[in-house]
Amino acid sequence: MAKFVHIGYGNIVNADHVSAIVNPDAAPVKRMIQSARENGKCVDATQGRKTKAVLVMENDSVVLSALLPETISGRASGLPEK
């Protein structure tokens, strides 16, 4: 059965298909986001807020989230939030 994780503002992704959760500040990640936008493989789930985490999916798409990578990782692993 698929495990879903809440990535903020009512948006949910399938945790089984997430390859990585990375910080969007590095230049290679910014290039990856721009490339995904150009190819139609970018899902912006920030609801207009600042992007704080980038989820790289198995199908080479990226999902942008306004939550911190640590928060999403904790939710995906089932750890209680502080």
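**Notes on the predicted model**

1. Serine 61 sits in the loop that links strand 5 and strand 6. Is serine 61 buried or exposed? Its relative accessibility is 13%, so serine 61 counts as buried, the cut-off for buried being under 20%. Setting aside residues within four places in sequence, serine 61 is in contact with Lys41, Leu55 and Val56.

2. Now the nonpolar core. The largest one has 11 residues: Val5, Ile7, Val13, Ala15, Ala45, Ala53, Leu55, Met57, Val63, Leu67 and Ile72. Two or more of these residues come from each of strand 1 (4-8) and strand 5 (53-57). Which strand gives the most to this core? That is strand 5, with three residues. Apart from this core there is another, of six residues, including Ala36, Val54, Val62 and Leu64. As general background, nonpolar side chains in soluble globular proteins tend to be buried together.

3. Not counting residues up to four places away in sequence, valine 63 touches Ile7, Val13, Val43, Ala45, Ala53, Val54, Leu55 and Met57.

4. On to the hairpin. Strand 1 and strand 2 (residues 11-14) run antiparallel and are joined by four bridges. Valine 5 has valine 13 of strand 2 as its bridge partner, and both of these valines belong to the largest nonpolar core. Two residues lie between the strands of this hairpin, and tyrosine 9 in the turn has a positive phi of about 55 degrees.

5. Helix 1 passes a simple length check. Its 12 residues (27-38) should span 16 Å at 1.5 Å a residue, and the end C-alpha atoms are 17 Å apart, which agrees.

6. Which residues of helix 1 are buried? They are Val29, Ile33 and Ala36. These residues cover an arc of only 65 degrees around the axis, so they lie on the same side of helix 1. The general rule behind this is that an α-helix has 3.6 residues a turn, so residues three or four places apart point the same way. On the face turned away from the buried side, helix 1 carries the exposed residues Pro28, Arg31 and Glu38.

7. What do the buried residues of helix 1 pack against? Their partners are strand 3 (18-22), strand 4 (42-44), strand 5 and strand 6 (62-65). After helix 1 comes glycine 40, with a positive phi near 75 degrees.

Note on methods:
Residues are numbered from 1 along each chain as its sequence is written. This is a predicted model: local features need pLDDT of at least 70, side-chain atom pairs count only at pLDDT 80 or more; totals for chains, interfaces and linings use all residues. Side-chain values use heavy atoms; hydrogens and water are left out. A nonpolar core is a set of buried Ala, Val, Leu, Ile, Met, Phe, Trp, Tyr and Cys residues joined through side-chain atoms within 4.5 Å. Buried means under 20% relative accessible area, exposed over 50%, partly exposed in between (1.4 Å probe, protein chains only). Contact means heavy atoms within 4.5 Å. Two strands pair if DSSP finds at least two bridges between them. The expected span of a helix is 1.5 Å times one less than its number of residues. The arc is that of the directions from the helix axis to the C-beta atoms.
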